[in-house]
Amino acid sequence: MKKKVLSMLLCVAMLAGISGCASQSEKTEEGTTGETVELQFLHTAWVPAQLEILEQAIADFQEQNPDIKIVETRSSWTDAPGQIMTSIVSGEAPDLIMCNTSMLAEYRGIGALADLTDLVPSELIDSFLPSAKAMITTEDGKVDGLPQEGCNWALFYRKDLFEKAGLDPEKPPKTWDEFLECAKALTKDTDGDGKIDQYGYGWPVQAENASDYWVNFMQMCGADISVYEDGAWSSKLSDDAAKEGTQLMVDLVQKYEVSPKSVVDYDWEAVTNAFVAGEVAMMHNGAWVTGSVAEKGPDLDGKWGTAVLFDGPVQAAYRGYPNTFNILEASEKKDAAWKFLEYFYNTPSDVEGLTIAGAFCNAAGGMLYSEEFIEYARENYNDLLQPFLDEVDGCMIPPLDPQWQSLTSMYGNSTVQQMIQGSVSVEEGLGTLDEKLKEMHGE
Amino acid sequence: MKRRLKTGMAPYLFLLPCAILILVVLIYPVFSGLVNSFYNENLIRPIAKEFVGFENYGKLLKDSMFLDALGRSVVWTIVILIFEMILGLLFAVMLNKDIYCKKLFRCLVLIPWVIPNAIAGIIWKWFLNESFGMMNYLLKQIGLINHNLAWLSDEKLAAASVVMVIIWKSIPFVAITLLAGIQAIPSDLYEAAKVDGAKESQCFRFITIPMLQNIMLITAILTSIWNFNQLEIIQVVTKGGPGEATLSLPVYIYRLFMQTFQTSYASAAAVMMMIVLIIPCIIYVRKLLKE
């Protein structure tokens with residue numbers, strides 16, 4: 001008897017559960033097919049101040065547009081690429097997403113991003129800086145996104161160590177030759193034990209940093225890296241400019257010995273620690289690091305500075321590019337998604353002189369790559385950040401080749417590290433990477 | 001008749017939920033991966049998914065990066081196995097002695113095993129830092145080195161460092177399992193041996209070791225499978241670098257699948273890894289069945 005009662009109770013509980021699920025799915029169904037348009041928005045914003053602005057913007061937008069409901073999915077830059085890619089493949093993609101350069105290139109490559117050319121007014125596009133325009137423009141001239149939070153990289157240098165080395169602390173290097181001269185003068189055995197303990201220059205080479213900075217060295221020598229021509233991507237890694245740029249990078253460790261071999265284990269934070277500890281006197285790092293240096297080395301106040309990155313042997317190549325907002329091609333609610341972006345980019349924020357998009361980028365310590373934002377930043381940013389703003393018109397973006405990320409994460413990062421360590425020659429390393437990229441392109 | 005049928009069906013009905021769970025969570029993904037390995041799916045290439053037979057497997061056998069990663073994983077697993085068994089046994093024997101605060105030490109030895117892999121990786125990353133790490137500081141203090149060693153940026157040292165961290169992580173499990181095994185050995189065996197004039201070392205060699213053989217084999221098989229599969233520690237400590245010095249097979253597959261979206265090729269590599277791992281699994285299951 002007891003067993004029967006128990007089984008009855010279990011059945012009732014199961015039925016209740018099933019009916020609960022059913023009513024839940026009915027509710028969801030109503031939300032998507034009824035009057036209200038439900039917009040799926042996957043983003044990677046995590047800084048509390050930035051999230052607050054985003055939440056407020058969504059709430060205000062929904063109040064003005066009661067027919068649109070924005071459903072947020074919060075992700076991270078680590079998880080988002082896989083999450084979005086699998087959702088695209090399974091046909092469950094969100095409507096609106098945030099992309100970084102590699103995601104943008106890959107999704108663009110498979111035609112997953114919606115063409116916004118007819119939606120984005122030309123005045124808005126014109127207000128963006130060259131690197132931002134380059135990011136959102138496809139190979140055939142279409143616009144498929146809007147730039148958002150991005151960052152510039154510049155030169156950090158220790159004024160106190162410059163002085164000790166007999167260099168003028170107010171004159172950071174501007175050309176490649178000046179840089180090399182400074183780096184050599186700053187490379188020292190400070191305690192006389194026969195081992196160099198202060199290097200002239202450091203940059204992050206761990207994991208994905210390896211390829212990001214490698215691209216920068218190649219761009220300094222005018223390399224094209226990978227170009228879109230005749231309807232297909234083509235590797236230019238075997239060009240002389242690419243070889244010169246790679247050799248330039250490797251020589252800093254192998255030939256001139258002005259950078260430690262341990263750069264291969266440096267991420268942005270490790271190189272910052274080395275900079276603060278005086279193990280490297282100059283470093284190439286992002287704008288956000290100004291805060292970290294101040295925090296990690298309070299005693300260094302006034303003893304370090306920032307400067308526009310020195311020019312390469314062929315040209316100035318500043319690292320600086322935005323992430324983007326993109327609407328997915330598979331979305332059936334493109335108009336609603338665009339309506340939100342339009343609101344986000346055109347509505348003034350609580351911060352005087354900035355739109356919501358500008359305030360959103362500013363809240364995370366990043367930049368919106370627009371004239372208006374730069375004007376605001378010039379007036380409000382501290383002196384240490386001004387050199388980063390001086391670079392904005394000459395910023396270069398990494399290759400937007402859809403296969404680039406695959407090349408770098410599979411082979412590029414490790415090969416760059418091997419070349420720097422000297423276990424693989426530049427000729428051999430670059431040859432392998434060129435061959436792999438061509439194979440990926442089907443060249 | 002009905003009652004007999006009911007009684008006959010009962011065990012299967014009890015097993016059903018578990019069987020369904022295993023089918024959905026284990027068998028289906030493995031089968032799906034196996035099927036996918038015979039296709040040419042690459043999520044960032046807009047081409048139609050086609051059946052390519054054993055092409056991916058053929059490519060893998062010519063892929064030097066795959067072969068190196070496989071070789072590295074096999075060698076590391078063997079090296080780790082040797083060290084963890086020797087050190088684990090040493091700890092087990094020590095913890096079996098009547099030492100002061102025995103229970104406390106038994107708890108302390110478990111710490112590395114209890115710490116999550118990612119956290120352990122971060123701790124060791126700092127510990128092995130060339131400039132600020134405790135390892136170089138301690139070695140310098142005791143006079144073993146004059147200059148800081150590049151534990152994570154030198155290709156040879158980085159591989160050794162990763163192996164060392166995995167050994168550190170595995171020892172507690174081996175020690176505690178072997179300790180349980182030692183405690184299960186009947187004390188009369190030792191008493192009889194002592195009556196016959198056996199020394200402590202002889203007792204260890206002729207009683208402890210033979211009596212632990214079975215448990216040692218099972219522990220060795222299990223830890224080898226876990227260590228071969230180790231991904232988190234390597235990802236956190238070196239991310240497979242510098243160069244390819246610490247690129248193990250799981251890291252290689254992770255890169256293929258999660259970073260370059262070569263899903264079919266990655267599936268083929270995962271199937272190859274599964275085949276390699278099946279060998280110790282077969283030994284393990286046969287051992288269990290025998291017992």
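In this predicted model, helix H9 (residues 208–220) of chain A packs against helix H17 (residues 404–421) of chain A, their axes coming within 8 Å and crossing at roughly 75°. Because angles of 65 to 115 degrees count as roughly perpendicular, H9(A) is described as roughly perpendicular to H17(A). On the H9(A) side, the contact is made by Glu208(A), Ala210(A), Ser211(A) and Trp214(A). Facing them from H17(A) are Thr408(A), Ser409(A), Gly412(A), Asn413(A), Val416(A) and Gln417(A). By class, this helix contact draws on 3 nonpolar, 6 polar and 1 charged residues.

Stepping back to the level of domains, chain A is assigned a domain 1 (35–151 + 320–396) and a domain 2 (152–319 + 399–441). The centres of these two domains of chain A, taken over C-alpha atoms, are separated by 29 Å. Where they meet, 21 residues of domain 1 of chain A are in contact with 22 residues of domain 2 of chain A. On the domain 1 side, helix H4 (101–109), helix H16 (386–390) and strand S11 (395–396) of chain A each supply at least two residues. The largest share of that side, 7 residues, comes from H4(A). Sorted by class, the domain 1 side holds 10 nonpolar, 6 polar and 5 charged residues.

Turning to the contact between chains, 27 residues of chain A are in contact with 23 residues of chain B. Helix H12 (residues 249–259) of chain B gives the most to the chain B side, with 3 residues. The chain B side as a whole comprises 10 nonpolar, 8 polar and 5 charged residues.

Key: Residues numbered from 1 in each chain as written. Chains lettered and ligands numbered in written order. Predicted model: local features only at pLDDT ≥ 70, side-chain atom pairs only at ≥ 80, totals over all residues. Contact = placed C-beta atoms within 7 Å. Helix = DSSP H or I, 4+ residues; strand = E, 2+ residues; numbered from the N terminus. Nonpolar A, V, L, I, M, F, W, Y, C, P; charged D, E, K, R; others polar. Axes fitted to C-alpha atoms, helices over the stretch in contact; angles between N-to-C directions. Parallel < 35°, antiparallel > 145°, perpendicular 65-115°, else oblique. Domains from an automatic or database assignment.
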